[in-house]
Amino acid sequence: MVPDMTRNGGFEPVFCTIIPPHVLDRLAQADDPALSGPARRTIQRDAYERTRRHLTSVVGAPAVALLADAEPGKPYRTVYDARHGTDLPGTKVRGEGDAPGKDATVNRAYAGLGATFELLLKAYGRDSIDGDGLPLDATVHYDEDYNNAFWNGEQMVFGDGDGEIFLDFTNAIDVIGHELAHGVTQYTANLTYYGQPGALNESVSDVIGALIKQYTLGQTADQADWLIGAGLLAPRVTGKALRSMKEPGSAYDDDVLGKDPQPATMDDYVRTGRDNGGVHINSGIPNHAFYLAATTLGGHAWERAGQVWYDVLTGGDLTQDAKFTDFATLTVKAARARYGDGDELQAVTKAWERVGVRTL
């Protein structure tokens, strides 16, 4: 049986989407109904799922049993097809070990679940997102023109996009990894989804998503593009991705979407009550710190920089309400504990200095 408690204050999964609310709000105001219609329906659906997630948290999420034919250290994936409806999980279309079918979306979802499992196991010795072999479920073809993908505390869900602004959400393997990483956080630090701890929650997911993409492509830190969601934007959009860890604020600059609002340093920290206190916006700051640490160290980012971040996330000292300074301080301690006073410690320390976050 999967543990029903996190290390920090209990099992409180949150509803996490890849597309920030401020992006959908902007689209919903577009004059063209081909843009505003899907955005408004997506906002309504997200609100429903968010409320459903909250109610599930209040009454208690159902325990997830490990299946008899699941093997320790092996993924157990199931992909479902919602057939453009909203009932979850939908119709099972591919199980663990099944051969690829004709639906490329199903195959991408299956592969993304596997890539996430593989990185966690091989790089960090973690057996699935809960550390105890949790089966990985995903639903594709969710709703009509649904412009999002989300982790609802129990499974992954992918929309097909509207084809005007967003394409199929399984196109980007880092998006799959990002959302599943919310599950890792759920089972470990359980970071509160508001303000700075919420931005850290989002940043950790971006970090793990980026690492999964780089691991799958065999890229070093210098070879990687450090983009989150490359391949999601339709051709009409002036942009390259949802976010850039290398250059926060540069991912898109579009007449419909507006300009990427992410700051790279604390000098431009955004104070807002929207988007749960700017969790998708201010995550650019810790994102950039990770990019700086990883590229300074060079080599494969999941090995040293990634190991430090993973140590902090799973070490038990990161509190639910951790601020940027708390997280940064723990990364310095983790770097010293694992690697001593060498390059790793210097790279991590200087990365936080460059983004304006103090370490204690």
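Student: Which strand is F150 found in?
Tutor: F150 is found in strand 5, residues 149-151, where strands (E, at least two residues) and helices (H or I, at least four) are DSSP runs numbered from the N terminus. This is a predicted model, in which local features need pLDDT of at least 70 and side-chain atom pairs count only at pLDDT 80 or more, whereas totals for chains, interfaces and linings use all residues. Residues are numbered from 1 along each chain as its sequence is written, and side-chain values use heavy atoms, with hydrogens and water left out.

Student: Is F150 buried or exposed, and why?
Tutor: F150 counts as buried because its relative accessibility is 0%; buried means under 20% relative accessible area, exposed means over 50%, and partly exposed lies in between, with a 1.4 Å probe and protein chains only.

Student: What is F150 in contact with, leaving aside its neighbours within four places in sequence?
Tutor: With contact meaning heavy atoms within 4.5 Å, the partners of F150 are F15, C16, T17, E49, Y142, Q155, M156, V157 and E179.

Student: And how far apart are F150 and Y80?
Tutor: They are 70 residues apart in sequence, and C-alpha to C-alpha they are 15 Å apart in space.

Student: Which strands does strand 2 pair with?
Tutor: Taking pairing to need at least two DSSP bridges between the strands, strand 2 runs parallel to strand 4 (residues 136-140), joined to it by five bridges, and R77 stands opposite L136 there. Strand 2 also pairs with strand 3 (residues 91-95), in the antiparallel sense over four bridges, and D81 stands opposite T91 in that strand.

Student: Switching to helix 1, which residues are buried there?
Tutor: In helix 1 (residues 21-28), the buried residues are V23, L24, L27 and A28. Seen down the helix axis they fall within an arc of 135°, so they line one face of helix 1; the arc is that of the directions from the helix axis to the C-beta atoms.
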